[in-house]
Amino acid sequence: MTTIGTIAIILYAIAWLLLAMRWRAGFKQTEAPALSRHYLWIWLVAACLHAAYLYSPLISEQHLSLDFISAASHVMWLAGQVLLITAITHRLESLNLFTLPFIAIALFAQVFLPLTEHSQRIPINGLGVHILSALLAYSMLMIAAIQAVILAYQHIHLHNHKPNAFLRTLPALQDMDSLLFRFIKVGVALLSVTLITGFVYLENFFDAHVAHKTVLSIVAWLVFSALLLGRWKYGWRGISATRWTLSGFGLLMLAFFGTKFVQEYLLTS
């Protein structure tokens, strides 16, 4: 499986280079090289190989191993799928240009760094549904956080009447805003599934060693839900939406990666 993972990393790098050529042409308002228009196909092949590397243990060993590094690889892969599908109908070169290297780096770390002794084995059952929905929710809301930062940059420069070449490569402000809230809506729905399945399948959902993760996840759900309510009732957008999005995402990162990093690396050192 190491060979499959390595090929996927190489293909991610090629897709990124082609995307960079395409983005550079848009930045300079010139015609993109013909080959660069096919970066999505190369990305798709890389994503399929990445998936094979990630989920082959489900077939051969009937479980998934999940530690800090492999969890990051799962999240980045899932985030990549959402971006890949969205890129078919939206101009997201700038967002993809930023995200693709992190997908490749996460896979590189999983392939070439050893599992920690605290790696958790995830069986195929209700618990697996809980964990999969959690990863989907984190990846979707991570995209929303990145999108919010780009949207804030776009909003500030356009409203200050300081457009630049980079802004010309981005979709219209209204399209970026609508895309952000689509990501958030799907992310909140997935996070809701995560919390519900946690209550149903985890008897220790509020035990001392996971209580902080549960509480932070619930608070993050409340933050994102309040943002959606504010959007529906008051038309929140722009900088306000960015602040709420980054606050909710920060809570999720503390809930999952922060606590996992502390448990696996700091408390055992």
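The legends below accompany several close-up views of a predicted model.

Residues are numbered from 1 along each chain as its sequence is written, and side-chain values use heavy atoms, with hydrogens and water left out. Because the model is predicted, local features need pLDDT of at least 70 and side-chain atom pairs count only at pLDDT 80 or more, whereas totals for chains, interfaces and linings use all residues.

View 1. Helix 3, which covers residues 68–86, has 19 residues and reaches 27 Å from its first C-alpha to its last, close to the 27 Å expected at 1.5 Å a residue. Here helices (H or I, at least four residues) are DSSP runs numbered from the N terminus, and the expected span is 1.5 Å times one less than the number of residues. Of these 19 residues, 16 are buried, so helix 3 is largely enclosed by the rest of the structure; buried means under 20% relative accessible area, with a 1.4 Å probe and protein chains only. Gly80 is itself buried, at a relative accessible area of 1%, and touches Trp43 and Ile103 when residues up to four places away in sequence are not counted, contact meaning heavy atoms within 4.5 Å. The C-alpha atoms of Gly80 and Asn96, which are 16 residues apart along the chain, are separated by 8.4 Å.

View 2. Gln147 has its place in helix 5, residues 126–159, and is buried with a relative accessible area of 0%. Leaving aside neighbours within four places in sequence, Gln147 is in contact with Leu95, Met176, Leu179 and Leu180. Asp177 lies in helix 7, residues 173–201, and is buried with a relative accessible area of 5%; with neighbours within four places in sequence again left aside, the contacts of Asp177 are Leu151, Arg231, Arg237 and Gly238.

**View 3. The largest nonpolar core.** This core, a set of buried Ala, Val, Leu, Ile, Met, Phe, Trp, Tyr and Cys residues joined through side-chain atoms within 4.5 Å, has 75 residues, and those with the most contacts inside it are Tyr12, Trp43, Trp77, Leu180, Ile184 and Leu252. Helix 5 gives the most to this core, with 15 residues. Beyond neighbours within four places in sequence, Leu252 is in contact with Tyr138, Leu141, Leu191, Ser217, Ala220 and Phe224.

**View 4. The second largest pocket.** The volume of this pocket is about 300 Å³, and among its 18 lining residues Ala72, Met76, Phe102, Ala106 and Met142 are the closest to its centre. On a 1 Å grid over the protein atoms alone, a pocket is an open set of points with protein on both sides within 12 Å along at least five of seven lines, lining residues have an atom within 4 Å of a point, and a cavity is a set of points where a 1.4 Å probe fits but cannot get out. Helix 4 provides the largest share of the pocket lining, 6 residues, and the lining divides into 17 nonpolar, 1 polar and no charged residues.

**View 5. The largest cavity.** A search of the whole structure finds 2 cavities of 30 Å³ or more, and the largest cavity holds about 40 Å³ of space. Its lining is made up of Arg91, Leu92, Glu93, Ser94, Leu95, Ile150, Leu170, Pro171 and Met176, with the largest share, 3 residues, coming from helix 4.

Technical notes:
Helices (H or I, at least four residues) and strands (E, at least two) are DSSP runs, numbered from the N terminus. Buried means under 20% relative accessible area, exposed over 50%, partly exposed in between (1.4 Å probe, protein chains only). Grid points are joined across faces, edges and corners, and a volume is the space filled by probe spheres set on the points. Ala, Val, Leu, Ile, Met, Phe, Trp, Tyr, Cys and Pro count as nonpolar, Asp, Glu, Lys and Arg as charged, and the others, Gly among them, as polar.
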